[in-house]
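Please keep the sequence and the model at hand while reading.

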Amino acid sequence: MKKNNEDPHDAVTKAINNVFKEDYCTDLSMIISKVQDQDGKLPKKVVQIWNELHNGKATIFGDRELDVSISQLSYQIAGQYRHNVGLDVEREFLFVSWCRYAATFAHYKATFDLFLYAIDHEMDEDIIAFWSRKTIDLIAEELSYCFDKIKQNNLVQQAHLVIRRVSYMNPKLGLSHVFTLMQSRAQTDNPDSKHVLSSITDDLIEKIGGIRVLESIEPSGDRNVRAVCEKYEELVKIPVTLVRIGDLNSVKKTLDKEFPWFHKLTQKLISSLQLRLLGNGDFFIPPLLILGDAGIGKTSFSLRFSQLIKVPFRAISLAGKSDNRDLVGTSRGWGTGQPSMIISLINQHKVGNPIVLADEVDKCGGSDHNGRALDTLLTLFEPTSARHFFDEYLCGRCDFSRVSWICTANSVKQIPTTLLSHLDVVTVDKPEFEHYSAIVNRSITSFFAENGIHSAHKPVLEEADWKWLQGYYTSPRITKKAVYKWLAYRLLSASNDMVH
């Protein structure tokens, strides 16, 4: 454990870290001798059994009762050194080593202590993930056959603690542990444990930033339908994450720079998210209607906002839309049937709180026969009904209550008052002359990104170029088209000059 010219304290610390590695094998004779050197008392019979086990000579190795006895005794020995953790590195080594030996025999308390030590000492994420996973597996196993109410509550508290702590580091890892508990709930025959597991999994999913979005999928005898439904089965089994709100100052600064004429809306969105930070911090904005003339950048702003917030985004055009199938899914009787666009978006990214843009809601059609899209939107805007939204293809209930809706329109005249009453309406005016330099710069950036061209090829805007572009300062959309035309001309001219 000690090397030449190596500080004894550092050598022991390194040995402690090795104990936590997945492939570590306890040197039993060494930790027994260390206990005895420190006036510890170990029964000779126990030492003999341990030595036989260690040397592979015991004929009763693998006997469940013997394993339990050895793990319990090992954990008791570890307990002698628990109170010195952090004060005496040698005794700290004995604590983790005896816990590790007890954990070899699936002792859940020892495994739990090792997890706490690893996360308290900020060990590598892989190490923490390994010990948290082992702890949850053992707790789930204990719960499956535990009928003692007090022990059940203790196990539940330990599971809560493990999942909460790893979720701060890695939310997806926390959700995977919840899934382990969900599987245990499904497999156990113990009604008390089934009830306990059911309550803690639902509670934990909420607390660590997750959501179960799909309740079930109705089986089908049609091969094609089954093939589609199989892609969504994971949503039934495993919760999806909820994106947390990040650095709002950075979001606001970028939006004000790139979309200065949207300043009022930017401020409103940032204020709404600042309030949510006082709660659980999950991203969500109430249903919003951006009202303004065509071509002023309503869709571009919404997309950029989603990119900065880092949530999935999908736009659906409702102009002339005659049915609501994109929103509710297509019935299985149709040959080209598919689940709703919303559940498809969630399934693609495994995120339960995306942004969906309903574009041009003022131009939406519909019929009573095929279902009006605006009526469906009304259902989706209501948190209660959105929580139990029925997908006609999957034939299952979906939870869309965390989806953020942004609608766009040129006028409110054709929008039903019932829908308007559920929307926070913000009017965005046309950009002023001084805003167009930001529009030009953003258009240049978009052009290079869309075409995969390195920014080193970006041409310099001369005064004559700016004057030419100013002739197209009528709307951001028209300006963008002019910028793209100018860039194509300049880049191709430069390329032709190089050829000749």
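## Aromatic pairs

Phe259 and Phe262 are both buried, where buried means under 20% relative accessible area, exposed over 50% and partly exposed in between, with a 1.4 Å probe and protein chains only. This is a predicted model, in which local features need pLDDT of at least 70 and side-chain atom pairs count only at pLDDT 80 or more, while totals for chains, interfaces and linings use all residues. Residues are numbered from 1 along each chain as its sequence is written, and side-chain values use heavy atoms, with hydrogens and water left out.

The structure holds 18 aromatic pairs; rings of Phe, Tyr and Trp (its six-membered ring) pair if their centres lie within 6.5 Å, and planes under 30 degrees apart count as stacked, over 60 as edge-to-face and the rest as tilted. Among them is the edge-to-face pair of Tyr101 and Phe105, with 5.3 Å from centre to centre and 75° between the planes, and both Tyr101 and Phe105 are buried. Phe259 and Phe262 also form an edge-to-face pair, at 5.9 Å centre to centre and with 90° between the planes.

## A cluster and a charge over a ring

One aromatic cluster is formed by Phe20, Tyr117, Phe130 and Trp131. Elsewhere, the charged end of Arg332 sits over the ring of Tyr393, 6.0 Å from its centre, the rule being that NZ of Lys or CZ of Arg is within 6 Å of the ring centre and within 35 degrees of the ring normal.

## Cysteines

With a disulfide taken as a pair of cysteine sulfur atoms within 2.5 Å, the count comes to zero disulfides. For Cys395, the closest cysteine sulfur is that of Cys229, and because the two sulfurs are 7.6 Å apart, they are too far for a bond. Cys395 counts as buried because its relative accessibility is 18%, and Cys99 counts as buried because its value is 0%.

## Helix α5

Helix α5 covers residues 89-104, and its 16 residues reach 22 Å from the first C-alpha to the last, close to the 22 Å expected at 1.5 Å a residue; the expected span is 1.5 Å times one less than the number of residues. Helices here are DSSP runs (H or I, at least four residues), numbered from the N terminus. Most of α5 is covered, since 13 of its 16 residues are buried. Just after α5, Ala106 takes a positive phi of about 60°.

## Confidence

The mean pLDDT (the predictor's confidence in each residue, from 0 to 100) is 83 for the protein, and 83% of its residues reach 70 or more. Over residues 57-61 the pLDDT is below 50, and this stretch has six contacts in the model beyond near neighbours in sequence, a contact being heavy atoms within 4.5 Å.

Key
Helix = DSSP H or I, 4+ residues; strand = E, 2+ residues; numbered from the N terminus.
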